[in-house]
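Please read them beside the coordinates.

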Amino acid sequence: MRIETDRLCLRELTSDDLEALFAVLGDREALYNWPKIFTREEVAGWIERSQASYEKHGHGLWAVVLKSTGECIGDCGIVLQVVEGKEERELGYHLQKKHWGNGYATEAGAACMEFAFRSLKRDRIISLIMPHHTKARGVAERLGMRVEREVQWKAAGAHLVHVITREEYERSADEGSRGRPVRPGVAPATHSNAAAPQSGGGRGEGPSGARPPLAEFHLHLEAALSWGAYVDFLRSDGAVPPVPEDLGRGRAPWLESAAPFADFEAFRTPWQTHILPVLKQPGMYARWVRASVRWLAGLGVRYAELNVGGPVIDKLELPFEETARSIADAFREAERETGVRLRFFLGLKRGLDPSLNARLLERWMAATNGAIHGVDLHSYEQDGPCRDQKPAYELARSAGLHLRTHAGEHAGPEEIRDAIDLLGVESINHGVRAVEDPGLVRELAARRIPLHVCPTSNVLLGVAPTLREHPLRRLLEAGVVVTLNSDDPLLFGTDVRREYEIAAREMGLGEAEMGVLHENARRCSESVQGRPSLLP
């Protein structure tokens, strides 16, 4: 049996995996929730029992192997348990501590869950987790599982039974909704003992049916986590939850409403209540960078241009030079750790005095020692026209930075024209209202100026009435270079892989159009990097 995901391979355990498993099962810190650690002899018995389960049940705990190195880092799989007299299939995993925090448990668990429902035809899957084991509970929540009840589990005491049924799994997979990626970062699984490989239904896939690696060009660092990853971050990194009663929810509380953002001020509210109080804590901004990039890596993102809010450090009254430097250092560390190629765009603020934005850029450049790759202009377009910020953009150009701005979202085509003609930007974040000016659309297409579009964001903020009425298809048909992006995943309950799924499923884009979107992302990542893309 063999299952492959974006980064992992799951295969049957052999005696050659003894030392790799002993590094987990013999580690007191890694196995802190167990009553005892294992000897090497006991690990050998563990492997033998797993092999017997393959023969008897067609499943068991499988070796988790990193594709990049061939290294076994632990196990994950489906095991038979008897809970209160009833047979259950449990999703379990054990990973070496040095590999924690990379999203491997979620990625491997999602693949095993798919195998259990699609190949084993199970009706439900459980996970038995101690109430205080917050990391494991966070993984279960990200996989779409819910707490069913508490049981006394053998001699280990109280455990929570987390469960997901086949119906819940299929609904989450089909709808791709509620901000809970059931199978994040998982490539179509190939099972040697299954009736047929699962293709993933073709949603968000390239022309070959494979799920390709992705790029993000329009992503705000301060909201670059899913709700589940945000909750896990609060629990694991020692942050004080701003609203503790919210953390048990399956998705962001503001998304419970059918129309969560009545206006732009309503959109700003979660920033004030759920993001800024966390980032205000000492050292938390840099930790947030690393957590965000690990989450992106788990989705299969291989290239990301992250917008960092320039005025946020001062707004939070944090020490400027120290915090800016720590953010830049965290970018470099996260890139080395995950292999995701990162680019740092500094977000200036609309409506701010132009000289203050220029001064803000100077301070960031001095503090980050060449880490900044480009500038952007954030916030509500009605706060002030982009033309006012020409001095800051001239400074950025003289420093050799890439130039971009948010435009054509809440303001019309004229704001896009000003951004191109007066600021000299190379790309536009949003830009969807260009369709109101056919001449501008032709110019964008002819000059190959990319629009980094975010459909879910546009619908939730009222820029487009529905996904079906979103102008994405019209822009593509006109030859405009368009990429798909997530904008603010935490706030909008989406991610870039889901945006591709939405484009195919809900916006009606065909295989050829999806291929164009992927090719646009590849070419844009090449042009900004100045070297070959990481995307195929």
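1. The crossing of α6 and α8 is right-handed; a crossing counts as right-handed if the near helix is turned clockwise from the far one by less than a right angle, and as left-handed if anticlockwise. Helices (H or I, at least four residues) and strands (E, at least two) are DSSP runs numbered from the N terminus. The model is predicted, so local features need pLDDT of at least 70 and side-chain atom pairs count only at pLDDT 80 or more, while totals for chains, interfaces and linings use all residues. Residues are numbered from 1 along each chain as its sequence is written, and side-chain values use heavy atoms, with hydrogens and water left out.

2. Helix α6 (residues 227–236) and helix α8 (residues 284–299) have axes that come within 11 Å and cross at roughly 140°. That makes α6 oblique to α8. Axes are lines fitted to C-alpha atoms, for helices over the stretch in contact, with angles from 0 to 180 degrees between N-to-C directions. Angles under 35 degrees count as roughly parallel, over 145 as roughly antiparallel, 65 to 115 as roughly perpendicular and the rest as oblique.

3. On the α6 side the contact (heavy atoms within 4.5 Å) is made by Ala-229, Tyr-230 and Phe-233, and on the α8 side by Met-284, Arg-287, Trp-288, Ala-291 and Trp-295. By class these are seven nonpolar, no polar and one charged. Ala, Val, Leu, Ile, Met, Phe, Trp, Tyr, Cys and Pro count as nonpolar, Asp, Glu, Lys and Arg as charged, and the others, Gly among them, as polar.

4. α8 also packs against helix α10 (residues 320–338): the axes come within 8 Å and cross at roughly 25°, so α8 and α10 are roughly parallel. This crossing is right-handed. Residues of α8 in the contact include Val-289, Arg-290 and Arg-294, and those of α10 include Phe-331, Glu-333 and Glu-337. The contact holds nine nonpolar, three polar and four charged residues.

5. Helix α1 (residues 18–25) and helix α2 (residues 40–57) have axes that come within 9 Å and cross at roughly 115°; they are therefore roughly perpendicular. Among the contact residues are Leu-18, Phe-22 and Leu-25 of α1 and Arg-40, Trp-46 and Ile-47 of α2.

6. Of its 24 lining residues, the closest to its centre are Arg-268, Trp-271, Lys-349, His-378 and Ser-379. A pocket is an open set of points on a 1 Å grid over the protein atoms alone, where a 1.4 Å probe fits, with protein on both sides within 12 Å along at least five of seven lines; lining residues have an atom within 4 Å of a point.

7. By class the lining has eight nonpolar, nine polar and seven charged residues.
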